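Please read the numbered points with the sequence and the model side by side.

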Amino acid sequence: MPEKLGPNRRSFLRNAGLAGVGATALSTLGAVAPAEANEDARPSGRWNPDTESKQFTLAVMPDTQYLYWGSQNSINPEPQEASFRYVIANSGTPNNNIVFMAHLGDLTQDGDATSFQAVDKAFKVVDNANVAYSVLAGNHDVSGDDTRGTTPYLQTMGPQRFKRQKSFLGSDASGYNTAHVFRAAGREWLLLALDWRTSAAGFAWANQVIKAHRNMPVILTCHEIVAPTYGDEVYPYESGDPENNAVLSDYGQTVWDELIKDNDQIFLTLNGHYWPSGRTTKKNSAGNDVHLHITNYQNRYMSGGGMLRLYHFDLDRNTIDVETISPWILEKDPAERNRLEVLEARLTTSVDRFAVPVDFEKRFAGFIPVPVRPARPASKVLVPGTLAYWRFDGGGKDGSPFTASQRVRDLSGHGNDLTLLSVPGSAADALTWSADHHPDQPGHASLRFVGGKNPLHGAYLTTASRAPLNAETFKSGYTIEAFVKIPRDWDSGNNGNMPVLSRWGEAGNAGKYGKNTDPKEPVAQLMTTNNGREVQFNCYPLNQTYPTTNWSHGLAEDQWWHIAVVNDGHHTKLYVESALVADNPSTDSIGITSLGLTWLLGGHEYGGAIDNVFHGWIGDVRIVNRALRLEEFLTK
């Protein structure tokens, strides 16, 4: 609750034993000798994370203080050790792939040497397995700021403990602030573990570490940064807005001002200290999101039972999935768990299980420039059997209209050039050149179509009346590829069933009849439907009197998509982003019926007249007279 922020929420320790003098001086990125290992604590299993996988997990362990209260002879390491075993066992596993573990401070309740003796023994479980991890001091471990000198915490959990860790980068001169680098998703990530109260020298050191590693995303851990705006009076907790139920504490504001605000590399902060758990998002000086999370379960059964907050990063999905579990409880037979253990094994409220959307490339672009795939010349993608290849990087300037005097050359060399046709009354800029393109598209350009119905309007392109492609029947198979992007103003009523590519000629005039036949529709059409923008390829083959139709899932707007239709001479399959879709009929489908008429890019004919025009962007289009393998697609 806001009125309880700062030191009044939880008392500082005044134990004289924590105020020692004469800290061992450490170099900025140095450390002293490692702690002695205890072979008896060696767990089964190996620490072996997959550092290249785009899916990985950061395990976070908040305040475990009530498990270690040595001054009143209360030591209970079992819950924490169970979490350590879980971390080790779930490194490298497909569903977790834990690459690093971060403790958020308050390892003990009293900061007593006897408490840290027990903490030392427990942490040897992860030491002996070579787990990459970090710790930091909370207000129940130390008092004052990081200039306090030596303490039982520093003697036990100081930088000397990490010397043999590959992930350990170093510490500041006090030893209370440490830096760690772990590898995940094929890149290096910097994690800073800062003291409960960091001095000006400590902040200067942290800023310098970030500056020295300017291409690394940074996760900041500290015992206190944000606090919840709600309380724990009822259960399940009434958390208000789970996306915004935390605020910077007074000290958290200092951390924001001194370190977070002007370091765009810091995208996520994690702290304990307060409860219940919560989160908020703030904009830094660069205008980018910083996610600030509090996770702490010390007020719950068994001091939280050594709970783990698992941050599952998925760089393919641009999401961090977060869950909270108690491995100590999960190790137990469900039939033998007590009532409280049943409640606490997995926390599923909106503050404990949630997803954080992060466009990692965009968020990190300010310090990790996104590599742009260079354009590829047509000669590199003219695979054997290419009958037509159209791209738009040789046309007009970005945003300029496509004019009647212009044409799109067929780069295959077969003469299937495209020229402009417009619906009468359409605006002069109904078709424009665009620099927008799919990131894996060979040509770095597209055409922007502004078409639709109610009333019919727009401009499209067509092959000439004697273009060789008009007569092609593709008896041995074919591959049709196109890049498309649907705008946010797409409307099902005005833009539904809009054409990407179609072949002029009515099915009825080609002698087609039978199930699902519409005699007025074209003999071949690649389009997006009015039902959620699904991709549809509807084709009348040579060997059937009725069509075969392939359907995809719906395409999201404002995103580029690569579509491929592949026929091996007998069966047709539809791919979106090189992924095979579900609705691919097993009907024998040989070739594409032709009446010798033109192909339309962005235009659709029904009953002998244009009835719809594409709305959005179309990039490179290629037509090949054989089935291509995935590795031959334009995206490869």
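1. The place of P455 is in the loop between β23 (446–450) and β24 (459–463). Helices (H or I, at least four residues) and strands (E, at least two) are DSSP runs, numbered from the N terminus. P455 is joined to N454 by a cis peptide bond, with omega at about 0 degrees. A cis peptide bond also joins W275 and P276, where omega is about -5 degrees. P276 lies in the loop between β12 (266–271) and β13 (278–283).

2. On provenance and conventions: this is a predicted model, in which local features need pLDDT of at least 70 and side-chain atom pairs count only at pLDDT 80 or more, while totals for chains, interfaces and linings use all residues. Residues are numbered from 1 along each chain as its sequence is written, and side-chain values use heavy atoms, with hydrogens and water left out.

3. Backbone angles deserve a look at two further loops. N130 is not a glycine, yet its phi is positive, at about 60 degrees. The residue N130 sits in the loop between α2 and β5 and counts as exposed, at 60% relative accessibility. (Buried means under 20% relative accessible area, exposed over 50%, and partly exposed in between, with a 1.4 Å probe and protein chains only.) D558, likewise not a glycine, has a positive phi of about 60 degrees. D558 is found in the loop between β29 (548–554) and β30 (560–567), and at 44% relative accessibility D558 counts as partly exposed.

4. How many salt bridges does the structure hold? There are 29, a salt bridge being a side-chain nitrogen of Lys or Arg within 4 Å of a carboxyl oxygen of Asp or Glu. As background, side chains of opposite charge can pair when their charged atoms come close.

5. One of the salt bridges is formed by E52 and R183, whose closest N and O atoms are 2.8 Å apart. E52 lies in the segment before β1 (55–61) and R183 in strand β7 (residues 178–184), so the pair ties together parts that are 131 residues apart in sequence. Both ends are partly exposed: E52 has a relative accessible area of 44%, and R183 has one of 32%.

6. R161 and D127 form another salt bridge, at 2.8 Å from N to O. This pair links distant parts of the chain, 34 residues apart, with R161 in the loop between α3 (152–157) and β6 (168–171) and D127 in helix α2 (residues 113–128). R161 counts as buried, at 5% relative accessibility, whereas D127 is partly exposed, with a relative accessible area of 21%. A network of salt bridges links D120, K124, D127 and R161.

7. R148 pairs with D195, the closest N and O atoms being 2.7 Å apart. Here too distant parts of the chain are linked: R148 is in the loop between β5 (133–134) and α3, and D195 is in the loop between β8 (187–193) and α4 (200–212), 47 residues away. Both R148 and D195 are buried.

8. Which residues touch the most other members of the largest nonpolar core? They are F123 and F313, in a core of 64 residues. Its largest share, 7 residues, comes from α2. A nonpolar core is a set of buried Ala, Val, Leu, Ile, Met, Phe, Trp, Tyr and Cys residues joined through side-chain atoms within 4.5 Å. Not counting residues up to four places away in sequence, F123 touches Q80, F84, M101, H103, L107, Y133, V135, M157 and R161; contact means heavy atoms within 4.5 Å. Another core, of 46 residues, lies apart from the largest one, with L418, A459, L526 and V535 among its members.

9. S167 lies in the loop between α3 and β6. S167 is buried, with a relative accessible area of 6%. Leaving aside neighbours within four places in sequence, S167 is in contact with F100, A132, Y133, A179, H180 and V181.
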